[in-house]
Amino acid sequence: MRLKGKVAIVTGGGSGIGGAIATRFAKEGASVVIADLDPVRSEKLIAQIKADGGKAAYAKLDAMKYTDAVAMVDTAVKTFGHLDILVNNVGGGKGNGLEELDEATWDWNMNFALKPAFLCSKAAMPKLLERPGAAVVNISSINGLTAIGLEAYAAAKAGLVLFTKNLALKYGPKGVRSNVIAPGTTRTDFWIPAEQKDPDIFNRIGKVYPMGRVARPDDIANAALFLASDEASFVNGVVLPVDGGFTAGTNIFDQAARGGGAADAIWGTDATKQERKK
Ligand SMILES: NC(=O)c1ccc[n+]([C@@H]2O[C@H](COP(=O)([O-])OP(=O)(O)OC[C@H]3O[C@@H](n4cnc5c(N)ncnc54)[C@H](O)[C@@H]3O)[C@@H](O)[C@H]2O)c1
């Protein structure tokens, strides 16, 4: 039991990556507050956690509202006595390219992908500071580390990285560690509409990843478990990509040696190379 005796809040914990984190934490002995906009899916997950012998409670949260964040922390403390772990998981993005991005969409991305971590951290920090071994785990994205589109979402998720590093320096000396996970494409409910339109989508996206597949929510939950646990007691201010090696670099030069693929666009095809030699 790697989180025995700890109390954790997982925002957006009702499903997807947050749901997997809440489930994993509960299995490792944490009492978990699932703070989510959707009571129905949250209560379903809570019932499952309890049926498996875990402890969980629900806090109604719109993570874009500070009053909700404060109430969420109150629920954790009133229900389980204290607060040791905050996972800021709520987020998402839309708008590819400046043509699709208008001012309202830009603001929406900032409010949904960046602001919730600020509001919930602000509400939770006083309680976290009371506990030895307390931890914040923020869920960013590979979009926050490297340019792959969704400009406003990327800017928000990159902002989350530096927000977290600042928390690490400010509150680390007082005993609260703060770290970031940057997941690659993860198969959650978020993707259902895209998969319904295009059943082969994960096959194709998977090929972009060096490990040949997209992430499972449990891949992210396992990383969150490590960062939240005392095993990571000297890990503070890091960004852990959980992306099968996507952000490790590029194999474009290797491809160039073998020819074909994207490398052709840079170095030319055999035919154009021959042409150049003439
Ligand atoms: N799924 C991916 O491919 C992927 C990849 C990289 C990063 N991420 C990041 O991981 C996080 C979780 O993504 P996901 O795919 O599991 O999401 P999801 O859409 O599958 O689940 C999100 C959960 O958050 C809840 N929620 C939505 N709005 C909320 C709000 N305002 N307040 C509180 N709860 C709210 C929903 O009810 C749902 O239970 C996000 O921050 C996302 O940006 C996801």
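Let me begin with Ala-59, which counts as buried because its relative accessibility is 3%; buried here means under 20% relative accessible area, exposed means over 50%, and partly exposed lies in between, with a 1.4 Å probe and protein chains only. The model is a predicted one, in which local features need pLDDT of at least 70 and side-chain atom pairs count only at pLDDT 80 or more, while totals for chains, interfaces and linings use all residues. Residues are numbered from 1 along each chain as its sequence is written, and side-chain values use heavy atoms, with hydrogens and water left out.

Ala-59 sits in strand β3, residues 55-60. Helices (H or I, at least four residues) and strands (E, at least two) are DSSP runs numbered from the N terminus. Which residues does Ala-59 contact, leaving aside its neighbours within four places in sequence? They are Val-33, Ile-34, Ala-35, Asp-36, Met-72 and Thr-75, where contact means heavy atoms within 4.5 Å. Ile-9 is 50 residues from Ala-59 along the chain, and the two C-alpha atoms are separated by 9.1 Å.

I turn next to the overall division of the chain. The domain assignment gives domain 1, covering 7-244, and domain 2, covering 251-278; such bounds come from an automatic or database domain assignment. The centres of domain 1 and domain 2, taken over C-alpha atoms, are separated by 41 Å.

Now to the helix packing. Two packed helices are described by the angle between their axes and the distance between the axes. The axes are lines fitted to C-alpha atoms, for helices over the stretch in contact, and the angles run from 0 to 180 degrees between N-to-C directions.

Helix α7, residues 151-171, packs with helix α5, residues 103-113, at an angle of about 30°, and their axes are 9 Å apart. On the α5 side, the contact is made by Trp-106, Asn-109, Met-110 and Ala-113, and on the α7 side by Ala-152, Tyr-153, Ala-155, Ala-156, Lys-157 and Leu-160. By class, these residues are eight nonpolar, one polar and one charged. For that count, Ala, Val, Leu, Ile, Met, Phe, Trp, Tyr, Cys and Pro are nonpolar, Asp, Glu, Lys and Arg are charged, and the others, Gly among them, are polar.

What of α6, residues 115-128, and α7? Their axes come within 11 Å and cross at roughly 15°. That angle makes α6 roughly parallel to α7; the term covers angles under 35 degrees, with over 145 counted as roughly antiparallel, 65 to 115 as roughly perpendicular and the rest as oblique. The crossing of α6 and α7 is right-handed. Here α6 contributes Ala-117, Phe-118, Ser-121 and Met-125, and α7 contributes Leu-160, Phe-163, Leu-167 and Tyr-171. The contact of α6 with α7 has seven nonpolar residues, one polar and no charged ones.

The loop between β5 (134-139) and α7 holds Leu-150. Leu-150 is not a glycine, yet has a positive phi of about 50°. As background, most residues other than glycine have a negative phi. With a relative accessible area of 22%, Leu-150 is partly exposed.

Gly-144 also has its place in the loop between β5 and α7. Is Gly-144 buried or exposed? Gly-144 counts as buried, at 14% relative accessibility. Beyond four places in sequence, Gly-144 is in contact with Ala-154, Lys-157 and Ala-158. Between Gly-144 and Arg-187, 43 residues apart in sequence, the C-alpha distance is 18 Å.

Three further residues remain. Ala-224 lies in helix α10, residues 217-228, and counts as buried at 0% relative accessibility. Apart from neighbours within four places in sequence, Ala-224 is in contact with Ile-21, Phe-25, Val-137 and Ile-181. Its C-alpha atom is separated by 8.9 Å from that of Ile-139, 85 residues away along the chain.

Lys-6 belongs to the segment before β1 (7-11), and counts as buried because its relative accessibility is 8%. Among the residues that Lys-6 touches, not counting those up to four places away in sequence, are Asp-84, Pro-132 and Asp-230.

Finally, Arg-204 is found in helix α9, residues 201-208, and is partly exposed, at 42% relative accessibility. Arg-204 and Val-214 are 10 residues apart in sequence and, C-alpha to C-alpha, 9.6 Å apart in space.

Conventions. Left-handed = near helix turned anticlockwise from the far one by under 90°.
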